[in-house]
Amino acid sequence: MRKPDAIYASPLDEIIDFRFDERVVDVFPDMIQRSVPGYGMLISAIGILAANYAQPDSHCYDLGCSLGAVTMSMRQQIQQKNCDIIAVDNSPEMIARGQQLLNLDSRSEIPVSLQCATIQDSDISNASVVVLNFTLQFIPLVDRLNLIEKIYTGLKPGGVLILSEKIALEQDDKQAFHIDAHHSFKRANGYSDLEISQKRSALENVLIPETIATHQQRLKQAGFHFTEMWFQCFNFASLIAIK
Ligand code: GEK
């Protein structure tokens, strides 16, 4: 049974910026499933895409891996010889819990190295698949181009970046439509208006969404010749970029 997320259920005197600490780790699977439309489908589909693009004798990266959902999905699907997975997160609490979960996953032989590190400082090399599943949105805006360029440089020709993000819409009416639909999604999943509004305040300075056009432009600037938005539900989308 997933432990239910009730972090923002009671009125809080002060809303502090959201952090991936022990309390969040404890309820993370429930929180992300009830907050991100299509999360479960995305996790399965990323495993399938990774299996299409993984190359023998290469690394696959799960950057901002949290509890390793993408890592486990890639592990189950990838069949190529001598691939390994490097999963990185800068929350020590996430990495500790992720390691416990990984130790229970005996369905695959693919080696996984879980690293507690900031992805801006992590080495990316000999990569065929790199996944940023709802992670870039937490990286300071000034660091984003450097990170995408580093990923491009570290990818082998034919390698892919899978980038999932909460997105902003250029037009005010579209932005209002998607935010409204997302809040309805959260309400339908049992979150109260108080929880939705307190969580929104906690994320305000921490999760900075950008438009699809901005992401595509940055991917192009970094060198990617092909990008495609392969998933969208409300204001949550996923792009694939091929080197
Ligand atoms: C999933 N991909 O379940 N360096 C490393 N990790 C970071 C950094 C950074 N600079 N900034 C944030 N993180 C996962 C979900 S959650 C998305 C990803 C969400 C980590 C942070 O600690 C957290 O675990 C993760 O990125 C973002 O498919 O909760 O909305």
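Residues are classed here as buried when their relative accessible area is under 20%, as exposed when it is over 50%, and as partly exposed in between, with a 1.4 Å probe and protein chains only. The structure is a predicted model, in which local features need pLDDT of at least 70 and side-chain atom pairs count only at pLDDT 80 or more, while totals for chains, interfaces and linings use all residues. Residues are numbered from 1 along each chain as its sequence is written, and side-chain values use heavy atoms, with hydrogens and water left out.

Asp62 is buried, with a relative accessible area of 1%. This residue belongs to strand S1 (residues 59-63); helices (H or I, at least four residues) and strands (E, at least two) are DSSP runs, numbered from the N terminus. Contacts, defined as heavy atoms within 4.5 Å, link Asp62 to Gly68, Val70, Thr71, Met74, Ile86, Ala87, Val88 and Val131, not counting residues up to four places away in sequence. Asp62 and Ile162, although 100 residues apart in sequence, are 9.7 Å apart in space, C-alpha to C-alpha.

In soluble globular proteins, nonpolar side chains tend to be buried together. A nonpolar core is taken as a set of buried Ala, Val, Leu, Ile, Met, Phe, Trp, Tyr and Cys residues joined through side-chain atoms within 4.5 Å. The largest such core has 40 residues, of which Met74, Ile78 and Val129 touch the most other members. At least two residues of this core are supplied by each of helix H1 (22-35), helix H2 (39-53), helix H3 (69-77), strand S4 (127-133), strand S5 (155-166), H7 and strand S7 (236-242). Another core, of 26 residues, lies apart from it and includes Ile119, Leu147, Leu161 and Leu219. Val129 touches Ala50, Tyr53, Ala54, His59, Cys60, Tyr61, Met74, Leu155 and Val160, again leaving out residues up to four places away in sequence.

Within H7, the buried residues are Glu195, Ile196, Gln198, Lys199, Ala202 and Leu203. Their cover includes H1 and helix H6 (172-188). In helix H8 (residues 212-222) lies His215, which counts as buried at 2% relative accessibility. Contacts of His215, not counting residues up to four places away in sequence, are made with Leu136, Leu163, Glu165, Glu210 and Leu239. Lys150, in helix H5, is partly exposed, with a relative accessible area of 21%. Leaving aside neighbours within four places in sequence, Lys150 is in contact with Ile119, Gln120, Asp121, Ser122 and Ile124. Lys150 and Ala222 are 72 residues apart in sequence and 8.5 Å apart in space, C-alpha to C-alpha.

Grid points are joined across faces, edges and corners, and a volume is the space filled by probe spheres set on the points. The count comes to 1 cavity of 30 Å³ or more. The largest cavity has a volume of about 50 Å³ and is lined by Asp5, Ile7, Tyr8, Ser35, Lys186, Tyr191, Glu195, Ile196 and Lys199. Helix H7 (residues 193-203) gives the largest share of this lining, 3 residues. By class, the lining of the largest cavity has 4 nonpolar, 1 polar and 4 charged residues, where Ala, Val, Leu, Ile, Met, Phe, Trp, Tyr, Cys and Pro count as nonpolar, Asp, Glu, Lys and Arg as charged, and the others, Gly among them, as polar. The second largest pocket holds about 180 Å³ of space, and its lining has 7 nonpolar, no polar and 5 charged residues.

Phe134, in the loop between S4 and helix H5 (141-154), has a positive phi near 65° and is buried, with a relative accessible area of 7%. Phe234, in the loop between strand S6 (226-233) and S7, has a positive phi of about 50° and is partly exposed, with a relative accessible area of 28%.

With a disulfide defined as a pair of cysteine sulfur atoms within 2.5 Å, the count comes to 0 disulfides. The sulfur of Cys83 is 4.7 Å from the closest cysteine sulfur, in Cys60, and is therefore too far for a bond.

Methods:
1 Å grid on protein atoms, 1.4 Å probe; cavity = no way out; pocket = protein on both sides within 12 Å on 5 of 7 lines; lining within 4 Å.
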